[in-house]
Amino acid sequence: MIRNIVLSLFLFTAASAQQPRQFTPPADLKISGENEYVEEVKNDPNKKLVEIKNYIPGIVLDIRYATSNNFTHQPMYKQAKAFARLPVVKALQQVEADLKTRGLGLKIYDAYRPYSVTVKFYDVVPDSNFVADPRRGSKHNRGCAIDLSLIDLKTGKELDMPTGFDSFSKSAGANYPGLPKQEIANRELLQSVMLAHGFKEIKTEWWHFDFIGWENYDLLDVPLSSL
């Protein structure tokens, strides 16, 4: 309850401000733009950001930040597409194949996120308990984090989970106990499959998974339209 009140105050303050806050990244924070990214990929093709749909055609996308159905209440992306580094997408292929044997599949909410969008998020909610701190950047900015859930392949419906995507409540935690048994079981199934194929959950968001080895990839500020 207190967390929701705090979030509401942040949103109200951001909406009421006459001028947006200006954020300057720390001098020692390396952020690669388009030119640096192109050079990086030339040297190591595994660092390429690839469109997930091209590798997993059956995967379902619900890219919330391309719509107003997100915590900022405004579109942050001009394209409803999902990209990630090539090894990340190959790992997701394994996840999807594993889930298919159970009659399940993945729905993706977000993947690669340009660094400039992380800064905008922090303008709306300047608290690292809720959003990534741009002084460090996000693993989404590295193309190494995925926000997702499970769907039933027969019905196309999402499985019951503890909360909706981008909830700021305590019940969104990866190990929050006070939930219906089925929601906990579904959450644990998602975690077990993702962990089995090279990902790690974070404690505050059941839908967020980081690719193991993310530290080998630079923060990027390359627009989706340039990929």
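Q: Thanks. Where is the place of T204?
A: Keeping in mind that this is a predicted model, T204 is in the loop that runs between strand 7, residues 199–202, and strand 8, residues 205–211.

Q: And is T204 buried, partly exposed or exposed?
A: T204 counts as partly exposed, because its relative accessibility is 39%, and the cut-offs are under 20% for buried and over 50% for exposed.

Q: What is T204 in contact with, leaving aside its neighbours within four places in sequence?
A: With those neighbours set aside, T204 is in contact with A172 and G173. For a sense of distance, P162 is 42 residues from T204 in sequence, and their C-alpha atoms are 12 Å apart in space.

Q: How many bridges join strand 3 to strand 5?
A: Two bridges join them, and strand 3 and strand 5, the latter covering residues 104–110, run parallel. Within that pair, V60 stands opposite K107 in strand 5.

Q: What should helix 4 span, and what does it span in the model?
A: At 1.5 Å a residue, the 15 residues of helix 4 should span 21 Å, and the C-alpha atoms at its ends are 21 Å apart, which agrees.

Q: Back to the strands: how do strand 5 and strand 6 run, parallel or antiparallel?
A: Strand 5 and strand 6 run antiparallel and are joined by six bridges, with G105 standing opposite I151 in strand 6. Strand 6 also pairs with strand 8 in the antiparallel sense, over three bridges, and there A145 stands opposite D210 in strand 8.

Q: Is strand 6 mostly covered or mostly open?
A: Strand 6 is mostly covered, since seven of its eight residues are buried. S149, which is found in this strand, is buried with a relative accessible area of 0%. Leaving aside neighbours within four places in sequence, its contacts include G105, Y109, E158 and W206.

Q: And what about I151, buried or exposed?
A: I151, which also lies in strand 6, is buried, with a relative accessible area of 4%. Among its contacts beyond four places in sequence are V60, G105, K107 and L159. V60 is 91 residues away from I151 in sequence, but the two are 8.6 Å apart in space, C-alpha to C-alpha.

Q: Changing topic, how much space lies in the largest pocket?
A: About 670 Å³ of space lies in the largest pocket. Its lining consists of 32 residues, and V131, A132, I202, E205 and H208 lie nearest the centre.

Q: Which strand gives the most to that lining?
A: Strand 8 gives the most to the lining of the largest pocket, with four residues. Helix 5 and strand 8 each supply at least two residues.

Q: Why is helix 5 largely enclosed?
A: Seven of the 10 residues in helix 5, which covers residues 115–124, are buried, so the rest of the structure largely encloses this helix. The buried ones are Y115, V117, T118, V119, F121, Y122 and V124.

Q: Last one: which residue has a positive phi although it is not a glycine?
A: H73 is one of them, with a positive phi of about 65°, and it lies in the loop between strand 3 and strand 4. At 57% relative accessibility, H73 counts as exposed. D166 also has a positive phi of about 65° without being a glycine, and it lies in the loop between strand 6 and helix 6. D166 counts as buried, at 14% relative accessibility.

Technical notes. Residues numbered from 1 in each chain as written. Predicted model: local features only at pLDDT ≥ 70, side-chain atom pairs only at ≥ 80, totals over all residues. Heavy atoms only, no water. Buried < 20%, exposed > 50% of the residue type's maximum accessible area, 1.4 Å probe, protein only. Contact = heavy atoms within 4.5 Å. Pairing = 2+ DSSP bridges. Expected span 1.5 Å × (residues − 1). 1 Å grid on protein atoms, 1.4 Å probe; cavity = no way out; pocket = protein on both sides within 12 Å on 5 of 7 lines; lining within 4 Å. Points joined across faces, edges and corners; volume = space filled by probe spheres on them.
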